[in-house]
Amino acid sequence: MVLSKDKFPTLVTERLRLREASMDDRDDFHALISIPEVTRFSNWVDTPKMAQIERSLRWMIKIFPKGAGCSWIIEDRVSGQLLGAIRFNSFDRRARCGELGYELHPSAWGKGLMSEAARAVVRCGFDDFSLNRIEAWTLPGNTASDRVLEKAGFQYEGTLRQKARFKEAFHDFRMFGCLAGDRQN
């Protein structure tokens, strides 16, 4: 797996700029993660404290230099407004696999922006990080996120029953995967 730890891969799409996270994103990211609709189908706590956001941002900043993953802040390409975040939460170097996760502000929902960001990150994962597989999970009922993944080239692979416990409940994970060989150039 090729991963240059010295140059962060800033990604630019038609409408978005995906850049490295910084502690300057603290207030905007806290505001985003504090929106119940954003975290409803995720393992984020419902009302995060600023200390939790700071800890998460520090982790997001450190995973790329460590070669453990890569995290981007999604911003509007014109205004620079923070719209969300997307990341490879982890890399399994031996399997050349990455796990995708993301959040997007409700004002940006329904415009194809997260699919646009996900396609850019998937391309980076295969082309720059030499991944063979990228996977993601959604919770049952999160049909919008299912559509994002499908538009980015993922296929639904099945449900892992009660895969995780968070927010005081067990949750099924709807698993999606995308392989380097699945891509159509």
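Visitor: Which side chain does arginine 26 meet in a salt bridge?
Guide: That of glutamate 54, at 3.7 Å from N to O. Keep in mind that this is a predicted model. The pair links distant parts of the chain, with arginine 26 in helix H1 and glutamate 54 in helix H3, 28 residues apart.

Visitor: Is arginine 26 buried or partly exposed?
Guide: Partly exposed, at 30% relative accessibility. Glutamate 54 is partly exposed too, with 22%.

Visitor: How many salt bridges are there in the whole structure?
Guide: A search finds 11. One of them joins glutamate 116 to arginine 15, with the closest N and O atoms 2.7 Å apart. Glutamate 116 lies in helix H4 and arginine 15 in the loop between S1 and S2, so this pair ties together parts that are 101 residues apart in sequence.

Visitor: And is glutamate 116 buried or exposed?
Guide: Buried: its relative accessibility is 9%, and the cut-off for buried is under 20%. Arginine 15 is partly exposed, at 32%.

Visitor: Switching to the sheet. What order do the strands come in?
Guide: The order is S1-S2-S3-S4-S5-S6-S8-S7, 8 strands in an open sheet with mixed pairing. S1 and S7 stand at the edges with a single partner strand each, so one side of each has no neighbour in the sheet.

Visitor: How many bridges join S7 to S8?
Guide: 8, and the two strands run antiparallel. Within that pairing, alanine 164 stands opposite histidine 171. S7 and S8 form a hairpin with 2 residues between them, and lysine 167 in the turn has a positive phi of about 50 degrees.

Visitor: What about S6 and S8, how do they pair?
Guide: In the antiparallel sense, over 6 bridges. Tryptophan 137 has methionine 175 as its bridge partner in S8, and arginine 133 has leucine 179. Arginine 133 also forms a salt bridge with glutamate 135, the closest N and O atoms being 2.9 Å apart.

Visitor: How far apart are the C-alpha atoms of arginine 58 and serine 22?
Guide: 7.9 Å, although the two are 36 residues apart along the chain. Serine 22 sits in the loop between strand S2 and helix H1, and is partly exposed at 25%.

Conventions:
Residues numbered from 1 in each chain as written. Predicted model: local features only at pLDDT ≥ 70, side-chain atom pairs only at ≥ 80, totals over all residues. Heavy atoms only, no water. Pairing = 2+ DSSP bridges. Helix = DSSP H or I, 4+ residues; strand = E, 2+ residues; numbered from the N terminus. Buried < 20%, exposed > 50% of the residue type's maximum accessible area, 1.4 Å probe, protein only. Salt bridge = Lys/Arg side-chain N within 4 Å of Asp/Glu carboxyl O.
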